[in-house]
Amino acid sequence: MSGFFTSSDKIKVGQTEVSVPSENGLNYNPGGRIELYIPPTSKFIDLSQTKLKMDVELSVPSVTATNGVQRIQLDDKIGLHSLIRSVRLFSGRKTALLEEIEGYDILTALRFDYETNESLRAKRALGEGATTYDPACRGTLGTTKTTQGNCFSNPYFTSVEGNPTLSTSYETTDSTYGLQKVKGELHLNTGLFRNEAVFPSLLTDGLFVEILLQDARKVVRSLDSTNRYRRLKLNPVYHSINGSDGSRATNGSFAAVSASANASSDTFYFTQDNNQTSVATFPFVVGEKVTFVSNDNASVNGSVARITEIDHVTGGAGTDFGTSKTKITLSEKIQNTTGETWTGAGTQYHLMSFNADSSDISDYPVSYVVSNVEMIVRQISVPDGYEASMMAMMKEGGTINYDYRSFTNYRYSQLVGDNVANIRLPLIESRATSILCVPTDATQYSAKQLLSASTTYLINEASDDINNRSQRSAITGIADGLQEYQWIYDGRVAPNRKVDVSKISSKSSVSQYWTIEAEKSLAMADMEPMSFLGFQDNFFIGRALSLGKNAVYDARGKDFALQLEYTDAANPQTKPKLWNNFVSHLRRLEIKNGSLMVQV
């Protein structure tokens, strides 16, 4: 018993952080390439605590005869990660390719949509440019909860304090009223940067990071509370043209008898529905082109004007305004061309942004600039004796094996008419764990179409949302009429019966068998399946190739095929698809005799 509590020798470890700036420029535009080199002088690195730091400025077109400004932001779920199209990691200065994640934004969206809870969402909003739900911008008409309706505490917009009268045009970059620069620190979603084992940079001649940026049109989003195709009832609700709580038929509102009079006005008031109780919670901005749409999205007013002033009128005893209301003043009069009377009951109307819906413009160009890019590297300090001992063992023929998880993306293009598709995957991974197949919408949308979401994939038709179309077409999966699927590999059918997903495709419910397969595949890809709330917004097909903590599957020489059936005539395909098939696997970096080799 004398040796029962004997402790082994421990290595004293210290930690420091150093900043490594990008090498190939100061500012980066859409489609650009960022290069960073972590030198071998950072001998031992904790990549799981190493962060990519950057500043981002979004921009919209200036106000012209056809264009109007509006609030835009990056993706509400993955934030600054949406800017990254692909990541490549090399040893030395591009000596050997250690890892490549093509479709980085798609893989990150999949992880963040299913590996999520309130704490993680708040953490991502704090440092990674995502946005959170703010009760100040809550809906009161039954719309579903959204993190893309926050205009009150959104990091991409300057804050509006109190209830000022706004008459200055919203600017792309302005210190008081406009879009503002966002600063973020990202934990890169790659195998090496998620590995908690210390990386021996001194043996690989450092680490080279190459990042390719995404097109601007694929990363920007508009507010849900200004869009007619995303939770329409969350938009501000029309009250009258004079703000009076008296009889609207006798107080100057659009004629209650008939809309054929084509009444018009350049001032409009809005109710307190959807918490429109101050200028700070009003989602529209000065300089934005607007019009009105009925609450069932059936009637859109044909007359359009630009906002020149936003005010919140205080009501109370002794005034014509019973309750306080938000008031907008327009550059010209808007005429009621809908043929309906605009009242608060039956024919309720909502304000909508018309920038991206306008037929006057072919596109709505948006852009961004990334600046001040640097890598905050977490260095691990070890005693000199430890390093000398390790180097001596290497000189004597020793080998260091460094294992890390990675993903290989096998892409496949599917046309709308492929009702029975057969996706073949030529896998070469010797230690695979699972496959995650994300069918993204392959339609080539313009920035105008993506911002308006007028023709994108219909996620669902919740009764009080009216409709909810996707603004994440380039990064999320769509079910789009898929009825069932099945895997065939190694001469066997897996699972042994087809997986039915018809309930997901019909937007009516979730399929239980699909959930089981999806949960297993996420777990074996080192993604903790915490939430399945995003099954409609980001659909995928998963297959676990092994089960267990250290279990792997040798996929070499196996013929993998995913068979898909779109056979319901009542629910046909609507979009072409680009399948991003991510194969999760373990890689081994073998360092021996001054050379290194990557085993896939």
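User: Is Gln471 buried or exposed, and at what relative accessibility?

Analyst: This is a predicted model, so the values are computed from its atoms. Gln471 lies in the loop between strand 24 (468-469) and strand 25 (484-489). Buried means under 20% relative accessible area. Gln471 therefore counts as buried, at 2%.

User: Which side chain makes a polar contact with the side chain of Gln471?

Analyst: Among the residues in contact with Gln471, leaving aside neighbours within four places in sequence, are Gln148, Arg221, Ser222 and Asn227. The side chain of Gln471 also reaches a backbone atom, the oxygen of Leu451, at 2.5 Å. The side-chain partner, at 2.6 Å, is Gln148.

User: How far apart are the C-alpha atoms of Gln471 and Lys218?

Analyst: Along the chain, Gln471 and Lys218 are 253 residues apart.

User: Which backbone oxygen lies 3.2 Å from a polar atom of the side chain of Ser222?

Analyst: Ser222 is in strand 12 (residues 220-222) and is buried, with a relative accessible area of 3%. Its side chain makes a polar contact with the side chain of Asn227 at 3.5 Å. Not counting residues up to four places away in sequence, Ser222 touches Gln70, Arg71, Gln148, Asn227, Leu451 and Gln471. The backbone oxygen at 3.2 Å belongs to Leu451.

User: Where does the side chain of Asn538 reach a backbone nitrogen?

Analyst: Asn538 is found in the loop between helix 6 and strand 27, and it is buried, with a relative accessible area of 0%. Leaving out residues up to four places away in sequence, its contacts include Asp113, Tyr114, Thr476 and Gly477. The backbone nitrogen reached by the side chain of Asn538, at 2.9 Å, is that of Gly477.

User: Why is the pair of Tyr114 and Phe532 edge-to-face, and what is the angle between the ring planes?

Analyst: A search of the whole structure finds 19 aromatic pairs. The ring centres of Tyr114 and Phe532 are 5.3 Å apart. Planes over 60 degrees apart count as edge-to-face. The pair meets this because its planes are at 75°.

User: How many residues apart in sequence are the parts that the pair of Tyr114 and Phe532 ties together?

Analyst: Tyr114 is buried, with a relative accessible area of 1%. Tyr114 lies in helix 1 (residues 104-114), whereas Phe532 is in the loop between helix 6 (512-524) and strand 27 (541-544). The pair therefore ties together parts whose separation in sequence is 418 residues.

User: What is the angle between the ring planes of Tyr170 and Tyr177?

Analyst: Tyr170 and Tyr177 are both buried. Their ring centres are 4.9 Å apart, and the pair is edge-to-face because the planes are at 85°.

User: Which strands are the edge strands of the open sheet of six strands?

Analyst: The open sheet has the order 13-14-17-16-15-18, with antiparallel pairing. An edge strand pairs on one side only. The edge strands are strand 13 (238-240) and strand 18 (349-353).

User: Which residue in strand 14 stands opposite Tyr238?

Analyst: Strand 13 pairs with strand 14 (residues 264-270) in the antiparallel sense, over two bridges. Tyr238 belongs to an aromatic cluster with Phe268, Phe270, Phe282, Phe284 and Phe292. The residue opposite Tyr238 is Phe270.

User: Which charged end sits over the ring of Tyr37?

Analyst: This charged end is 4.0 Å from the centre of the Tyr37 ring. A further case is Arg124, which lies over the face of Phe112 at 3.9 Å from the ring centre. Over Tyr37, the charged end is that of Arg93.

User: Which residue caps the N-terminal end of helix 2?

Analyst: Helix 2 (residues 118-127) is followed by Gly129, whose phi is positive, near 80°. At the N-terminal end, a side-chain oxygen of the capping residue lies 3.1 Å from the backbone nitrogen of Ser119. The capping residue is Asn117.

Key: Residues are numbered from 1 along each chain as its sequence is written. This is a predicted model: local features need pLDDT of at least 70, side-chain atom pairs count only at pLDDT 80 or more; totals for chains, interfaces and linings use all residues. Side-chain values use heavy atoms; hydrogens and water are left out. Helices (H or I, at least four residues) and strands (E, at least two) are DSSP runs, numbered from the N terminus. Buried means under 20% relative accessible area, exposed over 50%, partly exposed in between (1.4 Å probe, protein chains only). Contact means heavy atoms within 4.5 Å. A polar contact is a pair of N or O atoms within 3.5 Å; within protein, one must be able to donate a hydrogen and the other to accept it, and residues adjacent in sequence count only if both atoms are side-chain atoms. Two strands pair if DSSP finds at least two bridges between them. Rings of Phe, Tyr and Trp (its six-membered ring) pair if their centres lie within 6.5 Å; planes under 30 degrees apart count as stacked, over 60 as edge-to-face and the rest as tilted. A charge sits over a ring if NZ of Lys or CZ of Arg is within 6 Å of the ring centre and within 35 degrees of the ring normal.
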